[in-house]
There are 2 protein chains.
Amino acid sequence: MQEKELVQLFQHFKKYTALPEKAEEAIAAICSPITIKKNRDLQPIGHTCKTIYFINKGIARIYYFKDGIDVTENFFFENSIIARVESLFTGKPSRKAIQVLEDAEITGINANLLFKLYDSFPEIERLFRKIFEAAYVETVHRIEGIQFHTAEERYKALLLEAPDILKRVPLKYVASYLGITQVSLSRIRGLM
Amino acid sequence: MQEKELVQLFQHFKKYTALPEKAEEAIAAICSPITIKKNRDLQPIGHTCKTIYFINKGIARIYYFKDGIDVTENFFFENSIIARVESLFTGKPSRKAIQVLEDAEITGINANLLFKLYDSFPEIERLFRKIFEAAYVETVHRIEGIQFHTAEERYKALLLEAPDILKRVPLKYVASYLGITQVSLSRIRGLM
DNA sequence: CTATTCATTTATCATATGATAAATAATCAC
DNA sequence: GTGATTATTTATCATATGATAAATGAATAG
């Protein structure tokens, strides 16, 4: 594991809570570096999520198929944690995949070993509690953004809150993320 | 605090993780019983969430106003935990309120004191970590249920997955929960 | 019990979005 | 660099849902 990427990871963790050195070492020991090419699946559909990922570089999305149609659930950028929580927290196989949208460098954290670390390092349990609490809050905001807003409102909100998505991600993925067809998204963009 | 209601609370906690007796006592010490009449707000809009609630009896909903329109974010039944997490986990005031839809008996858990207990009782931190992880997973499922489904599909899914909501909750609240108007909901019901 | 308020349904019309097809534009493999 | 594939836009038509109004039904206060 490259030192540089671990530094980036622990830098990210500091936003949530401080970790004693021993705890950092313990986490470092269960991390693996992953280099992956654009458009490849980091995790396929149907497998149980046993890894928590951190993006050092690149973009990724979680997606699944609804009636044969590719639906993007979420996008993830540099310095963020990705996990298919509905699988990670339940132990059930996930119907969702993680795909990388640019050549990426990723740190994989072995989830089972991490959960074991919770017993010896309450600070680590606290860290990940806070990480997922923050992700939970984001998800709640997401619902608010969907409920009772028109497609156009949702597009404008995205333009305001996460313009990077529109700059770096193919529109066809953005469309399903917004819950509309690609054609509708194109029409909405055309009006502005 | 009534013994009976605490038993019900700890019974609920057992679904997530076992607690040592001392931890249960520590939690019991920060709980207060609340009796509240139908249609009253348990927590008003604009206040910062400092209490985690457990419903011993009754139903509640979280709601807010979007452009002057009452929107239901979620429903909660007996034996469930309610919190406006976007306020609880960020310390910011909530734009949402909690309202009781039937005469209810509720246990309030002082959140600040609870978070202090996390330091001395890792088991308590673990318990609430798991509780909110499970709630997070539910929220992720919720998004899946909204994205790319028609109003009719969403109604039918609700009929299947949570028929109790339709039995015990006024339809006007169900409509905004489904992200549609009351009139549309009525029309959809009429077709079936 | 009665009157009043509130909730639900029904009807009509307007509009946003979906479905499909075709034209352009951009990207990729070789 | 060129052809082939893929992404995006544009156009047309169909339909689900919203907005509004009015009628019916249920709940509540006094």
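Helices here are DSSP runs of H or I with at least four residues, strands are runs of E with at least two, and both are numbered from the N terminus. A residue is near a molecule or strand if one of its heavy atoms lies within 4 Å of it.

Before you start: this is a predicted model, where local features need pLDDT of at least 70, side-chain atom pairs count only at pLDDT 80 or more, and totals for chains, interfaces and linings use all residues. Residues are numbered from 1 along each chain as its sequence is written, chains are lettered from A and ligands numbered from 1 in the order in which they are written, and side-chain values use heavy atoms, with hydrogens and water left out.

## Exercise 1: DNA strand C

Task: Find the residues that come nearest to DNA strand C, and describe some of their atom pairs.

Solution: 

Step 1. Look at the neighbours. There are 17 residues around DNA strand C, and A:Ala151, A:Ser184, A:Arg187, B:Leu171 and B:Lys172 come nearest.

Step 2. Go down to atoms, using the polar contact (a pair of N or O atoms within 3.5 Å; within protein, one must be able to donate a hydrogen and the other to accept it, and residues adjacent in sequence count only if both atoms are side-chain atoms). A polar side-chain atom of A:Ser184 is 2.3 Å from a phosphate oxygen of DNA strand C. For B:Ser186, a polar side-chain atom lies 3.1 Å from a sugar or linking oxygen.

Step 3. Ask which part of the DNA is involved. Sugar or phosphate accounts for 63% of the atoms of DNA strand C within 4 Å of the protein, and bases for the rest.

Step 4. Sort the surface. H9(B) gives the largest share, five residues. By class there are six nonpolar, six polar and five charged residues. Here Ala, Val, Leu, Ile, Met, Phe, Trp, Tyr, Cys and Pro count as nonpolar, Asp, Glu, Lys and Arg as charged, and the others, Gly among them, as polar.

## Exercise 2: DNA strand D

Task: Work out which helix gives the largest share of the surface near DNA strand D.

Solution: 

Step 1. List the closest residues. Among the 17 that surround DNA strand D, these are A:Leu171, A:Lys172, B:Ala151, B:Ser184 and B:Arg187.

Step 2. Check the phosphate oxygens of DNA strand D. One is 2.4 Å from an N or O atom in the side chain of B:Ser184, and one is 3.4 Å from such an atom of B:Lys38. A:Leu171 places a backbone N or O atom 2.8 Å from a phosphate oxygen.

Step 3. Count by helix. H8 and H9 of chain A and H9 of chain B each supply at least two residues, and the largest share, five residues, comes from H9(A).

## Exercise 3: Chain A meets chain B

Task: Describe the interface of chain A and chain B, including its salt bridges.

Solution: 

Step 1. Start with contact, meaning heavy atoms within 4.5 Å. Chain A brings 37 residues and chain B brings 37 residues.

Step 2. Turn to the buried area, the accessible area (1.4 Å probe) that two parts lose on being put together, summed over both. The value is about 3700 Å², with 62% from carbon and sulfur atoms. A:Tyr136, A:Gln147 and A:Phe148 supply 21% of the area that chain A buries against chain B, more than any other three residues.

Step 3. Count the salt bridges (a side-chain nitrogen of Lys or Arg within 4 Å of a carboxyl oxygen of Asp or Glu). The rule finds twelve across this interface. One of them joins B:Asp119 and A:Arg126, whose closest N and O atoms are 3.0 Å apart.

## Exercise 4: Two glutamates

Task: Decide whether A:Glu73 is buried or exposed, and then classify B:Glu152.

Solution: 

Step 1. Recall the cut-offs: buried is under 20% relative accessible area, exposed is over 50%, and partly exposed is in between (1.4 Å probe, protein chains only).

Step 2. A:Glu73 has a relative accessible area of 9%, so A:Glu73 is buried. A:Glu73 sits in strand S5 of chain A, and its side chain makes a polar contact with the side chain of A:Lys96 (2.6 Å).

Step 3. B:Glu152, in helix H6 (residues 151-161) of chain B, has 31% relative accessibility and therefore counts as partly exposed.
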